[in-house]
Amino acid sequence: MNAPLMEVIDIKKHFPANSSFLSGEKSLVRAVDGVSFTINRGETLALVGESGCGKSTTARLALRLQNITSGTIKFEGMDITSSNARALHDVRRRMQIIFQDPFASLNPRMKVGEILEEPLVIYGVGDASERKARVAALMNQVGLADYHAKRYPHEFSGGQRQRIGIARALALNPSLIVCDEPVSALDVSIQAQITNLLKDLQSSLSLSYLFISHDLSVVRYMADRVAVMYLGRIVETAPKEALFADPRHPYTRTLLAAVPQPDPRRKPDRLAPMGDPPSPINPPSGCHFHPRCRFATDRCRVEAPALVPAGDGRLVACHRADEDLEWSPVSQGSDMSPAAARRLSICAKMRAQQEVARQHEQNNEATGG
Amino acid sequence: MILTSKSPTVPNGVNRRRIVKKLSALLPFLALAVLLLCTAFPEFLAPKDPYAQSLIRRLKPPSFLPGGISGYILGTDQLGRDILSRIIFGARVTIITSVLAVCVAAVVGTTAGLVAGYFRGRVDSAVVRAIDVQLAFPVVLLVIAIVAVIGPSLSNLIIVMGLSAWPQFARITRGAVISVRDLEYIEAARSIGAGHMRIMFRHILRNILSSIIVYATFEMARMMLVEATLSFLGLGVQPPTPTWGGMISDGSKYLGLSWSVSFFPGLVIVLAVLLVNDLGDRLRDFMDPYLKND
Amino acid sequence: MAKIKGRTSNRTRSLPLAAGLLLSSMLGMPLLSKPAESATLTIAQSYDPQSLWPNFSTSQEQMNVGNAIIESLLWVDPAIDKAVPILAERYEMVDPTTIKLFVRKGVKFTNGEPLDANAVVQSIKIFMDKAITPAYARDAAKIGSVERVDDNTVLIKLSQKYPAIDLLLSQIYIVPPKYWAEVGPEKFGREPVGTGPYKLKEWVRDDRVVMERNPGFWGKAPKGIDRIVWKPVPDDTARAAGLVAGEYDVAANVPVASAPQIKSRSTVSLLSVPSYRIFKIDFSNLDKDPGPQHNKLVRQAFNYAVDKDAIRESLFSGIATPLRGQILRSNQLGFDPAIKDYPFDQKKAKELLKQAGYPDGLDITFKFSSGRYAQDKEVAEAVAGMLGEVGVRVKMVTLEAGEFLTQLNNRDLGAMALRGSAPQDDPDAMLSSYLSTWRYSYINDKNLDELIKAGSQELDQKKRDDIYKAAMKLMHDEAYMIYLYQANDLYGVSKRVRNFVPRGDQRFAVYDMSVE
Amino acid sequence: MTQKSSPYFSELRADSVSHDVVLSIAGLRTTFRTDAGEVAAVDGVNISLRRGKTLAIVGESGCGKSMLSLSIMQLLPGNGRVSDGRIDFEGKMLVGVPEAEMQAIRGKRIAMIFQEPMTSLNPAFTIGNQIIEAIRAHDKDVTFSVARERAIKALKRVGIPAAERRVDEYPHQLSGGMRQRVMIAMALVCEPEVLIADEPTTALDVTVQAQILELLKSLQNETGMSIILITHDLGVVAEMADDMAVMYAGRIVETGSVSDVFDDPQHPYTLGLLGSTPKISEDAKRLVAIKGSVPPLFRMPTGCRFHPRCDFCIAECKIEGASRMSEISEGHFVACIRAPVEENCRELAE
Amino acid sequence: MLKYVIRRLISTIPTLIAVPIICFLLTRLSGDPTELMLPMDASDEARTAFRALHGLDKPIWEQLLLFCENAFRGDFGMSLRFGEPASTLVLERLAATTELAVASLGFAVLLGIPFGVIAAQRRNSLVDRAIRNAVAVSQAIPSFYLGILMIMVFAVGLGWLPTGGRGEVSNLVLPALTLASGLVPLIARVTRSCMLDELRRDYVRTARAKGLKEYIVVWKHSLRNAFIPVITVIGLQIGALMSGVVVTETVFAWPGVGRLAIQAIYARDFPVVQAVVFFFAIVFIVVNILVDVVYALMDPRVRYQ
């Protein structure tokens, strides 16, 4: 494999907190506090963590949508950390973003066609008719009909809007797409449609994804590698299978155990963490997770653990990563009842049949018409 | 188990009510059409020359009341001019004045608010301070002082009235921009490489335009009243040009002699303000069909 | 209204004081005051006095109020149209420029100071000081010097021969010299001390001036009036309304529009007094204002085109007196009954315009004030409308009252302007404003200048009469103005008030008034 | 399999197990006046809540599950009303009860917590104040100080540390999880028999969600209250509920005990939900998503409302009556004429 | 909280600096004050002396500094008309204007807020529409006209109340109502829309779910939150109130600052105009600081910042 598509090295983002300027004390929000990762071509890297852990900020920093405090960002081998607007303009078209909120991410006053055409206009792609054709192609690509171009976003359902958002991101043929919680605002049934679509697009367009999510189930479905963030830092990163089968960091374990599983027979032993996630304004000393960690030692309270390799391409930031800590792992394997699995497979077959029939019909029409 | 049965409604009653409702919904548009016609073609609508005076037939009551002269439907003013015709001609000046004044305010205020809200930082605090300062001065007093000094020509009035109202527009725009600028679609625009101008005007302005237009309609109503007040203080539009406010203010001196001189322009202004307010409400509903709220 | 205030500004008022006042004013809001008593006379005028010292300015509201406390040497009584002695018992002319004045004996100021020759001399000296009484500069200029002869006699030397001595002496108000020296003009204006029938009880700015009887008044005090309350009510309609509602006994300057309402009430009556104030539309023949109005025929045509009777009859409900084609009133010296005004004749007007070279009409700018004179805007609109009927396209420019005054004073009124003049009751006072050298004269006519100058010096009444008649004739023939009307002042008076007799210059004195 | 069809099955069921049921709803129809006319957000719903048990109502947004809960509380928005059906609570018919009587029930006997703990507390009052208010709304005789003590106790019970201090804090000073605990404390302070929890953990982080779910369970054990849990998350259902009802487009499509439904899901929609949910325990190749999206309320399909999105749809599904409930097994009801799918699609069932 | 107040005070500094500058420019706008303040026939020496005395011969920025310095001492020079310090003239009348403003604000709040709340509560009902229309009509009548009409009806026609002047409470009613007429609609409208927003909020549902009586939900829970934006609007309307005072005081012969202002403008009495504008601006700033403090007191989110 050649050089990674994107390389992010020790980036930091500190905001001044809105504290009083009278007292003179300046507090900082360390939203992102030394994050490094790489994304290879064609790969999906998932960034998971709870709200406020800095995962969305990290994504925006990587895209240079926000200015970083320190660190380095390389994209396609080029250092874009301090690129000027002009240089950035050229890079932008190859890295795009899909947002969480399908309602807020589309300009409500623009027709869908305009929304999809805008990136083409900005980059001077083609003439009006070529752009129109490209818009139509994009819409087909994400499963929308041509006539949808004349409608306003509010005329669409959440899932359809998310498709529009995806089409916009695809418009300039990017190599990297940041997916910022792309399905967390959607209903379960739509969520499945969109994740499937993202997967399909990835394979057909050989895209790389930086996939931001708080939902470990979705991450398991989407990702190749996973990075777990806690309070502005990555605490563990590993290939998906390794991470889910054998999480090393206590926080990762806590997260995994906390997910309720759709199987009434599996009532997991909760590694219930204590309290709520702390605020990034005054993060705990040492390992940020120590106040909530049941395995915390004195060392954890003082010394922040470094993110170090732990085999299998895994990196963990825990002083006790090598120890065998006592915990009951999330049981692996299908949690679906046989009846349900059987019926779903019928369903899948049914759909496959229908698909064949539909294509057949289309072919007939094409040849006949 | 059915507990509440649908009460059968008389279809006839429903129909009649619906027709009445439909008609009443049409009424504002009819009124607006009349108003616009008056603004555009007062010459064709006015039954008399609005400037033709006759001191003999002054201060006559409406023609349908005892003492009225036929042809002068709403009576005559202190110089014997036809009130109805003056109201019709007054529509043009009143409406153009208030519309233009609002335009001045809206353009200045919206631009300031847009820039302030979008760039934040120093530009923002400068604009906010400017708003604070302007708001700290009693508007009418300033307008009076300025008009008194530079003279009450129509263009001066429009500019001064307009400039007096910019802070409200700036405040509204700025607030709206701030609430919009961090939304994801703005970020999306940035991520597809849109520049500041494009984002400000194509994305942000487009989205807050409706609230600005709605506010502008309300502000228009206020401008009519400001013009009336200035007329009362002797600073309104030059005579003999009729404006509604000026007619009320002139007519109010004759309340002891004739109620109709000030009453009809007063009625028209009230109706126009109600109409404009109603229009604002409808406009908002129309522009934000999916964000309907009061 | 601009005038000199040569003194340095009073910088003792500091911000802490201001803040204190602000606070106290917010906390202590007096909501209650006493109800009007029957022995109280309440008079509503347009404005609050600026000072209670009559010589502070020439505004009649101010002088009327101050005059009840501080008295003048003479008073021109409108009831008999003659000067009556007040603080001067009498005067005699020693020669054409020397007056011997006899001061009334046994009079005391309310602070105990006696009224004597010294007080009169001091008061005249104050009157002569242009820095203190700028508004009276023109009158004061007539006095050369003043000296005390004995305790009751004063000798006044005039600087020139001057015919209107009564008028001059009635302008001079006598103040107690010691007290004056102590407090100065500003404080004196706020807390006046005089010899008049009333003394000041309280003065709440812009709200009321309350006076009560001066028990030591030298003369016959008004019957049944223990207190006088002066109320400033700026809005004409509201002032008339207050009278009708019984809140005021006298309402000055009632608008014509309220006249029918007042007439219809049994408790109040309407008093109409021919005013000294005449209204006309002045043309400018100054070089800086070029235009058709330089043409005499045009000016005459305008006079023919305006239906002055209609204006009087309708806009003033007939409560106004016609001008007889001249600026002097019929009872004035110099009035020429032979002159008749230009009649209303549109045909003639059009003809003259054609003759003057304007067959298709002409354009002219017309400036007028809005709210300075009664019905000013209406009159201007009516005139413009009438001119329009003979083909004159009038560009109307309304000026707010203050701006009008500024432009008037700067000779910026241009081609034609509606103006009222209310000089004192002497032909010279009226005519001198047409002297081409006068700061805001809009007429430049050598012949007229000579006549005016001659008239102001002539002591022989017959000769003087002839001079002014000639001037009237000249002005009429030249049609230097459109002669509109002589105004009538309207007063609303409660039926319980007797002997309220205002003068044509809107002055009135309380001496003979009574309340039942 | 024999199919017993009944339009009002829960009436039958209520007869048989009435002693066990705290709250039963039959034929409930809740409608809204909109510009598009009167639409039904809840259309003929039958459910019953067993004493001391948890009934989960699961469905996607817009399926009417929240409106169902608000119908019980009679807190529908101004343009909505219960237009048909009955709600029986401990032998009392709630539909049509005067507002004053309902106020006495709300908070006292049926309490409710909501999705957004951030916005569900009044920002202008201290949390103590808001709890005390709830106490004193139902018992005027309680003095302020007594109520305050009770409020502190309630806060302690939901696991808020330093409750004596926290009681005087404002909602914005608390974290999201703490706020939801306060909501629960407030809801339970009057010891209600029924708690309606409307998506109580949706807005929370997964670790906090776990804590809140544990808390609800332990409180239920402690007080024996019955819970109606409204959620879209099948995981939460599996973990928390005893019974469940799957809602789609204003109707219940499948209901039964949690184990029945999970073990033997019958309705294609239930199946679709299961198929769409990614599993944390397993690497799925591809999710079996449901096609299309939920129809808007004013454009409901005829017959079975799921038919346009259903892979098993046949012509009969489109006619009225296709959504009749039938009892598949004891207490397990399905509203699908094609259930069970194996029997109806034999050719595909291997 | 104290910090908040201090920060708020600091934020008014730019406004405080701008106020005298604008007052200064107001006079300069109309040309050389020498021409305005001296009689027409003043000699050239007198003019030079006047310029020297008032510092008009100095560079403009020096004049500006001098003006600002004096302004903050409350010294605007002598009134040209009255020959008294302009600030004294203003302060003398401030009590009357304050009385009028407070009374009309009282009317406006007592009428506007209940109107708004009731309209919001009965949204789209007849009551709501009636209130909205009544309120719109009252806003649509020019205040001078309303004032004159009220004098005609209540003072002259019915004789219930005096036509004008200041004194007893009865004198206050008509002018205060007239002045309030422009404010009531605004307050009612803002209250209504804020209440509609608040009534939609989740905490309202929570309050109802607790079994609270509806009037407690509306008048305690919602109004408390809706009140916050309403006070801000009221604060901003102080400026409008000051403008309204000009007309109302003229119509009702109310001895206040507004009337002084208009007379001063007509008479080109610039020291007084400057003083009025300056004091009005100061009052506005002070009131708005108070409003913000009240705001902070009412909104714990600000209080505990």
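This is a predicted model: local features need pLDDT of at least 70, side-chain atom pairs count only at pLDDT 80 or more; totals for chains, interfaces and linings use all residues.
Residues are numbered from 1 along each chain as its sequence is written, chains are lettered from A in the order in which they are written, and side-chain values use heavy atoms, with hydrogens and water left out.

**Exercise 1. Find how many disulfides the structure holds, then look at Cys347(A).**

Step 1: Start with the rule, by which a disulfide is a pair of cysteine sulfur atoms within 2.5 Å.
Step 2: For Cys347(A), the nearest cysteine sulfur belongs to Cys310(D) and is 7.7 Å away.
Step 3: Now check accessibility. Cys347(A) counts as buried because its relative accessibility is 8% (buried is under 20% relative accessible area, exposed over 50%, partly exposed in between, with a 1.4 Å probe and protein chains only). Cys190(D) is also buried, at 7%.

**Exercise 2. Place Trp259(B) in its chain and describe the patch that holds this residue.**

Step 1: Trp259(B) sits in the loop between α10 (244-252) and α11 (260-287) of chain B. Helices here are DSSP runs (H or I, at least four residues), numbered from the N terminus.
Step 2: With 41% relative accessibility, Trp259(B) is partly exposed.
Step 3: Trp259(B) belongs to a nonpolar surface patch whose members include Phe64(B), Ile73(B) and Phe263(B), with about 650 Å² of accessible area together. Patch residues have over 30% relative accessible area and no salt bridge, and nonpolar side chains are joined within 5 Å; areas come from the Shrake-Rupley method with a 1.4 Å probe.

**Exercise 3. Work out which residues Gly402(C) is in contact with, leaving aside neighbours within four places in sequence.**

Step 1: Locate Gly402(C) in helix α13 (residues 401-409) of chain C.
Step 2: Gly402(C) is buried, since its relative accessibility is 6%.
Step 3: The contacts (heavy atoms within 4.5 Å) are Tyr266(E) and Arg268(E).

**Exercise 4. Describe the interface of chain E and chain D.**

Step 1: Count contacts: 21 residues of chain E touch 27 residues of chain D.
Step 2: The buried area (accessible area, 1.4 Å probe, that two parts lose on being put together, summed over both) is about 2200 Å², with 57% from carbon and sulfur atoms. On the chain E side, Arg205(E), Ala209(E) and Lys210(E) lose the most area to chain D, together 28% of what that side buries.
Step 3: The rule finds 2 salt bridges across this interface (a side-chain nitrogen of Lys or Arg within 4 Å of a carboxyl oxygen of Asp or Glu). Lys220(E) and Glu133(D) form a salt bridge at 2.9 Å, N to O.

Key. Patches are made of residues with over 30% relative accessible area and no salt bridge: like charges are joined within 9 Å, nonpolar side chains (Val, Leu, Ile, Met, Phe, Trp, Tyr) within 5 Å. Helices (H or I, at least four residues) and strands (E, at least two) are DSSP runs, numbered from the N terminus.
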